Structures are given as structure tokens and as C-alpha cells.
Amino acid sequence: MHPMKNETIEVSIVMPCLNEEETLGICIEKAQSTLKSLGYSGEVVIADNGSTDSSVEIAKRLGARVVHQPTRGYGAAYLAGFAAAQGQYIVMGDSDDTYDFTDLERFLKPLQNGYDFVIGNRFKGEILPGAMPWARRYIGNPILSGMLRLLFGTYISDSHCEMRSFTAEAYKRMDMKTTGMEFASEMVIKAVQSELKILEIPITYHPRGGESKLNAIQDAWRHIRFMLKYKLSNQTAHDKQSATPTETNENDESPP
Ligand SMILES: Nc1nc2c(ncn2[C@@H]2O[C@H](COP(=O)(O)OP(=O)(O)OP(=O)(O)O)[C@@H](O)[C@H]2O)c(=O)[nH]1
Ligand SMILES: [Mg+2]
């Protein structure tokens with residue numbers, strides 16, 4: 001977390017951005033006005049991934065903090081944004097206006113009441129027409145979520161919902177590393193493995209403005225490759241641990 005944590009900032013709203021000039025301003029304004037009306041002191045942090053449109057200009061004009069991340073990727077953008085975030089509570093979400101940044105209270109109150117991590121659930125809420133392509137809804141999402149459940153026992157039902165909130169402390173515990181879209185899976189696995197107190201809440205998912213940055217096949221593969229590699233390295237670490245001979249006491253006279 002930020003070395004100079006600012007005690008007066010309660011909430012950091014962090015959004016990754018790659019050429020989202022059509023919607024970024026709307027997202028920032030929604031977040032800022034909602035923080036204000038709810039009475040939270042907060043900041044909006046835009047993790048920019050080298051936008052070549054007017055995104056950065058829009059963010060600065062609206063008074064958001066802009067963090068530049070030269071390394072491309074959804075995860076890379078977030079790693080930079082979270083490292084700069086100063087709030088005690090962090091809310092994350094895309095800057096394409098698919099998630100509703102006026103819906104902040106339901107993501108923040110539980111954190112104040114003892115939860116460590118809150119994640120939206122679009123299937124138990126509402127997916128508006130045109131918001132999620134058919135193949136992603138009925139093939140991509142169920143397969144990737146099923147793999148997460150099978151390999152890691154994650155019980156989160158909409159594990160690719162990218163509107164989430166957590167405490168700064170919980171973020172540290174998750175020790176996030178990946179740079180691409182697989183960041184979303186890594187976070188779900190680590191939230192469960194770190195035994196965070198998790199809450200799922202139904203949310204509405206809106207159709208995106210601007211162009212999608214998702215490359216369905218390549219990004220799905222990144223999720224799968226990450227899950228398999230991570231499972232394998234966990235397994236190897238576990239096997240090594242159980243293969244380590246237990247220390248014996250030379251004075252132990254008990255029979256073998
Ligand atoms: N995919 C991707 N997204 C990035 C990158 N850098 C920043 N982003 C932002 O990360 C968010 C997620 O990307 P999206 O294109 O919305 O991906 P998605 O939500 O899975 O797909 P859509 O439903 O089509 O929006 C957006 O706010 C992007 O602007 C990057 O290198 N790759
Ligand atoms: Mg999106």
C-alpha cells in the first residue's frame with residue numbers, strides 16, 4: 001500500500017483505463033458525487049494504461065488522480081492504481097460505465113461492519129440487454145468459474161464480476177501479482193485462500209460505452225493458464241512440505 005497513507009482519505013475508487021474517453025468522465029463524476037453525498041472523504045484514482053485518446057485529460061480536468069502504467073494489461077493497470085491508493089477502503093471497477101459507481105454504499109458499509117471483501121453478482125442482480133455477449137454468458141463465464149470452483153474450491157458465483165471492494169489490509173494479504181485479465185481470477189482465489197470475510201451482493205450490469213478491450217479467446221486462455229500454473233505451484237509447494245522429514249530428537253528413545 002501507499003507508504004504515506006493519508007489518514008484523511010477513507011475511500012479510494014480505482015478504475016483501470018485504456019482509451020475510455022466516451023465513459024471515463026461519467027464514471028468519475030458518478031463516483032465523486034456519490035462519495036460526497038454519502039459523506040465519505042475519498043479520491044478517484046485512474047490507472048491509465050497509455051491511453052492515446054483524451055481519457056487522461058478528462059480525468060485531470062475532473063480532479064481525479066492519474067497514475068500512469070506503461071506496462072499493458074488489466075492487472076498491470078490495477079497494480080499501479082492500488083499501489084497509489086491512499087484510502088482505508090478500496091473500490092474497483094471498469095471505466096466503461098458497465099458498473100454503477102453511484103452504487104457505492106452497498107460496497108462500503110459491509111467493510112465498515114467487519115467484511116474484508118465485497119464482490120458484485122450480476123446473475124443474481126440484472127444483466128441489461130446487450131451488456132454481456134451470449135458466448136461469454138453461457139460458455140466463457142460458466143467454464144472459467146467452474147474451473148475456479150473445482151481447482152480452488154472458490155464459492156463465489158460471479159467470479160468475473162469486476163466491481164469489488166476490500167480493505168487496504170485485505171489487499172495486502174492477497175499479495176496480487178498478475179498483469180493481464182487473469183488478475184480477476186487471481187484475486188478471487190487469493191481472497192478465498194486468505195480466508196477473507198467475503199460478501200456477494202446482487203448488482204446491475206450495463207452495456208458498455210466505447211470499444212471493448214477484451215480479447216475473448218486470448219484472455220480466457222490467460223485465465224486458464226494462470227489457474228493451472230498456480231494450482232501446480234501450490235501443489236508442488238504442498239508436496240515438498242509434506243515430504244520434508246520431521247525433525248527427530250536424538251535423545252528420543254521411543255521405538256521406531
Ligand atoms: N483488457 C484490457 N483492459 C484494460 C487494459 N488497460 C486498462 N484496461 C481497462 O480495464 C477495464 C476492463 O476492460 P474491458 O474492455 O472493459 O473488459 P471486459 O469488461 O471484460 O469486457 P467488456 O464487457 O467488453 O467491457 C476497462 O476499464 C479498460 O479500459 C488492458 O491492457 N487490457
Ligand atoms: Mg468492461
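This is a short tour of the structure, stop by stop, with what to select at each.

Before you click: the model is predicted, so local features were kept only at pLDDT of at least 70 and side-chain atom pairs only at pLDDT 80 or more, while totals for chains, interfaces and linings use all residues. Residues count from 1 along each chain as its sequence is written, chains are lettered from A and ligands numbered from 1 in the order in which they are written.

**Stop 1: the sheet**

Switch to cartoon and pick out the strands. Helices (H or I, at least four residues) and strands (E, at least two) are DSSP runs, numbered from the N terminus. Seven strands make an open sheet in the order E3-E2-E1-E4-E6-E5-E7, with mixed pairing. Two strands count as paired if DSSP finds at least two bridges between them. Now colour E3 (65-68) and E7 (198-205): these are the edges, each with a single partner strand, so one side of each has no neighbour in the sheet. Neighbouring strands are turned by 25° against each other on average, direction ignored; axes here are lines fitted to C-alpha atoms, for helices over the stretch in contact, and angles run from 0 to 180 degrees between N-to-C directions.

**Stop 2: strand E1**

Select residues 11-17. Is E1 buried or exposed? Seven of its seven residues are buried, so the strand is largely enclosed by the rest of the structure. Buried means 20 or more other C-beta atoms within 10 Å of the residue's own, exposed means 12 or fewer, and partly exposed is in between, with C-beta atoms placed from the backbone. Show side chains: Val11, Ile13, Met15 and Cys17 point one way, and Ser12, Val14 and Pro16 the other.

From E2, step out to E3. That pair is also parallel, with four bridges, and Asp48 has His68 as its bridge partner.

**Stop 3: helix H3**

Select 74-84. H3 packs on the sheet, touching E1, E2, E3 and E4, and its direction makes about 155° with that of E1. Contact here means C-beta atoms, placed from the backbone, within 7 Å. Eight of the eleven residues in H3 are buried, so the helix is largely enclosed by the rest of the structure. Among the buried ones are Tyr74, Tyr78, Leu79 and Phe82. Besides the four strands, the buried residues of H3 pack against H6 and H7.

**Stop 4: strand E4**

On to residues 89-92. E4 pairs with E1 in the parallel sense over four bridges; look for Val11 opposite Tyr89 and Val14 partnered with Met92. Both faces of E4 are covered, with Tyr89 and Val91 on one side, Ile90 and Met92 on the other, all of them buried. With E6 (residues 164-167) the pairing is antiparallel, again over four bridges, and Ile90 stands opposite Phe166.

What is around Leu104? Leu104 is buried, with 24 other C-beta atoms within 10 Å. Leaving aside neighbours within four places in sequence, its contacts are Thr34, Leu35, Leu38 and Val91.

**Stop 5: ligand 1**

Centre on ligand 1. Its shell holds 18 residues, the closest being Leu18, Asn49, Asp94, Ser212 and Lys213; a residue counts as near if its C-beta atom, placed from the backbone, lies within 6 Å. E1 and H3 are the elements giving two or more residues to this shell. By type, the shell has seven nonpolar, five polar and six charged residues, where Ala, Val, Leu, Ile, Met, Phe, Trp, Tyr, Cys and Pro are nonpolar, Asp, Glu, Lys and Arg are charged, and the others, Gly among them, are polar.

**Stop 6: two positive phi values**

Finish with two loop residues. Asp175, between H6 (168-174) and H7 (183-193), has phi near 50°, a positive value in a residue other than glycine. Glu195, in the loop between H7 and E7, has a positive phi of about 55°. Asp175 is exposed, with 9 other C-beta atoms within 10 Å, and Glu195 is exposed with 9 as well.

Note on methods: Contact = placed C-beta atoms within 7 Å.
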